[in-house]
Amino acid sequence: MLTAIIAITLLALVLGVILGFASIRFKVEGDPIVDQIDKILPQTQCGQCSFAGCRPYAEAIAAGEVDINRCPPGGEATIQALADLLDVDPKPLDEDCGVEKPKMLAVIDEDRCIGCTLCIQACPVDAILGAAKHMHTVIANECTGCELCVEPCPVDCIDMVETQPDPHTWRWPDPSHVNLQRSKN
Amino acid sequence: MRSPVSDFPGGLHLPGHKSRSTQTPIYKTPISKQLILPLQQHIGEAAVPIVDVGDLVLKGQRIARAEGHVSVCLHAPTSGKIIAIEDRPIPHPSGLSAPCVIIETDGEDNWQERHPVIDFRQLSAHEIRQIVRDAGIVGLGGAGFPSFIKLNPGVHHSVDTLLINGAECEPYITCDSMLMLERADGILDGIEIMRYALNAAEVIIAIEDNKPASISAMQLALAARPELSDIDIAVIPTRYPTGGEKQLIQVVTGKEVPSNGLPIDIGIVCHNPGTAYAVARAVKYGEPLISRIVTVTGTDVKHAGNFETLFGTPISDLLSFCETKRQPDEPFIQGGPMMGYSLAGDTLPITKTANCILVGVDDVAPAKDPLPCIRCGDCADVCPASLLPQQIYWYSRAKEFDTARDYKLFDCIECGCCDYVCPSKIPLVSYFRYAKTEIMNQERERQKSDLARERHETRLERLERERLEKEQRQAQRKAALEASKKAAAKKEPAEAENTVDDQTVAEEKN
């Protein structure tokens, strides 16, 4: 009887020590939920969700303060991904925030630019290059298409243009849509 | 001569339809008035033009240089004048345009000075790769991967086998078999150079057994060169897609290329006979890659055959040379009936990857709307990559791309066997191509959004730093101001005392 109790107690102690050690030594840093949400958001930093960028919106979603349907650039795909992550029902995009648009790119009309630097200050990702009283230009690869530079321009020389696919970025069409169209015809 | 040691799973026995285009020798296509040369005819970075509009160029003159590591040069296929460098429609399934150099030919066909190498053994492997790169040589089997990279075993690998892929398994296409038939010696020259560059232990030339003429031509050429007696010819059974790189390796060597791996990982390098021939021309004769053999065939072609065609030749010129029933702007297929894609447009040029132009396919089934998948499993039986096409189809259709990827979507070689056998006529490969480009697009978007996040965070940090610095400066200025005020205040009473003292002194004096 006594032997059994001592044996079990010892065993429990030893295993407990091993478990305790393992929980410290092999601790897995969980990916905090805010980071996961932030990863899904498109990072346009456009503020259409009424927050000052994607990260603050992600923090608000994580805190449960706002809905997941306030991101027009991300559109349906982002809402679906957020719904999957947070295990909630997807909702249609909140129209107060805006509508889903194709990807855009800001283009400065270099003849009209007066070099006021206002757009440079507005750009959330530092994608506009230029200096005071010198012509500015947009680094096309780094522009997120947030449109924040359009408003401040005093001479209205920034246009948003739809990005055109090139053979590198071209995607094969969805065959189920193609078939649908054919059966409609 | 060796026989196959193994087999690959799945595959199909397809009617070859090859005899139509093998009745006549290889013809040279006449020089067109205009040549349209896309700057990107290979996998990797587009070449960068080094000529200007109005320049006169000679045949073989470099007109664009390689940009970045995975890239090759581009040359003028004949002499003439550069009349434009602009976007033109290119032979791509998207039908989009891309930058092209347009040459107006002068009909003189004047070569620039060529620098042949008498004995390639005097060169280092690196120098040979440089020549191959400068000559603009890419894999001529159809993918167009820069060949000089595949002539570099790299530091971590050694090459056991150089495999020359003369299987040409796709129906209708005969450009490789005609090349082997007519220019076996040139191919052997190229193989010798490639083997030297790769330091490969053995060389095997694999040819399907439905090309007896090509096999005997290669054998004869080999027999005439005793120094190459260790090169082996493997005659392999005709079954589609045995010419797929991984499938061919499995058949000839019995080894399997790992998923996500490359043949070099198991010590094998595969090259097309056309590429070997191009390497020989580049090294032995100093001629860059400016033309290729193109099969023109199909039910609507009157003079089907193989044509040595300059790059940039409008496909419509080639087709009218062969006399087809095709009407202007009617679509045609580039590549074979299984893996090719439909193109439309009369100004599309012949590029480095155009192995076959197919106009009109025999016994074509009328296009039907696909029926639901009945899960018969026929697609899985014929898949040469041992995939489960019905599952990947299911997930691609439902846009569950991650799951499709887990089912090894990217091991699919798009051979079209599953499409061919599907009783419901589901366009499976179209779904796989769609899913692949969607996944690649997602990956690009993710990278772009990561970059945007990083830039945004850096910006916020910078603004914060600037704010702090400003505050600090203000605080300093304030402190400095206060200090100077204090100093002034201190000085004032001292001065006042001084005046008092002066006064007392003055009073005392009085």
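**Helices of chain B: questions and answers**

Student: How do you know that the length of α6(B), residues 273–285, agrees with that of a helix?

Tutor: At 1.5 Å a residue, its 13 residues should span 18 Å, and the end C-alpha atoms are 17 Å apart, which agrees. The expected span is 1.5 Å times one less than the number of residues. Helices here are DSSP runs of H or I of at least four residues, and strands are runs of E of at least two, numbered from the N terminus. The model is predicted: local features need pLDDT of at least 70, side-chain atom pairs count only at pLDDT 80 or more, and totals for chains, interfaces and linings use all residues. Residues are numbered from 1 along each chain as its sequence is written, while chains are lettered from A and ligands numbered from 1 in the order in which they are written.

Student: What makes α6(B) mostly covered?

Tutor: A residue is buried if 20 or more other C-beta atoms, placed from the backbone, lie within 10 Å of its own, exposed if 12 or fewer, and partly exposed in between. In α6(B), 11 of the 13 residues are buried, among them Y277(B) and R281(B). The cover includes α1, β9, α2, α3, β12 and β13 of chain B.

Student: What follows just after α6(B)?

Tutor: There, G286(B) takes a positive phi of about 70 degrees.

Student: Why are the buried residues of α4(B) placed on the same side?

Tutor: These residues are S214(B), I215(B), A217(B), M218(B) and L222(B). They cover an arc of only 165 degrees around the axis, so they lie on the same side of α4(B). The arc is that of the directions from the helix axis to the C-beta atoms. On the other side, P212(B), A213(B), L220(B) and A223(B) are exposed.

Student: How is the packing of α3(B) and α4(B) described?

Tutor: Their axes come within 9 Å and cross at roughly 65 degrees. Axes are lines fitted to C-alpha atoms, for helices over the stretch in contact, with angles from 0 to 180 degrees between N-to-C directions.

Student: Which residues make this contact?

Tutor: A184(B), D185(B) and L188(B) of α3(B) meet A217(B), M218(B), A221(B) and L222(B) of α4(B). Two residues are in contact if their C-beta atoms, placed from the backbone, lie within 7 Å.

Student: How many residues does each chain bring to the contact between chains A and B?

Tutor: Chain B gives 24 residues and chain A gives 24 residues. Helix α12 of chain B, residues 428–509, supplies the largest share of the chain B side, 15 residues.
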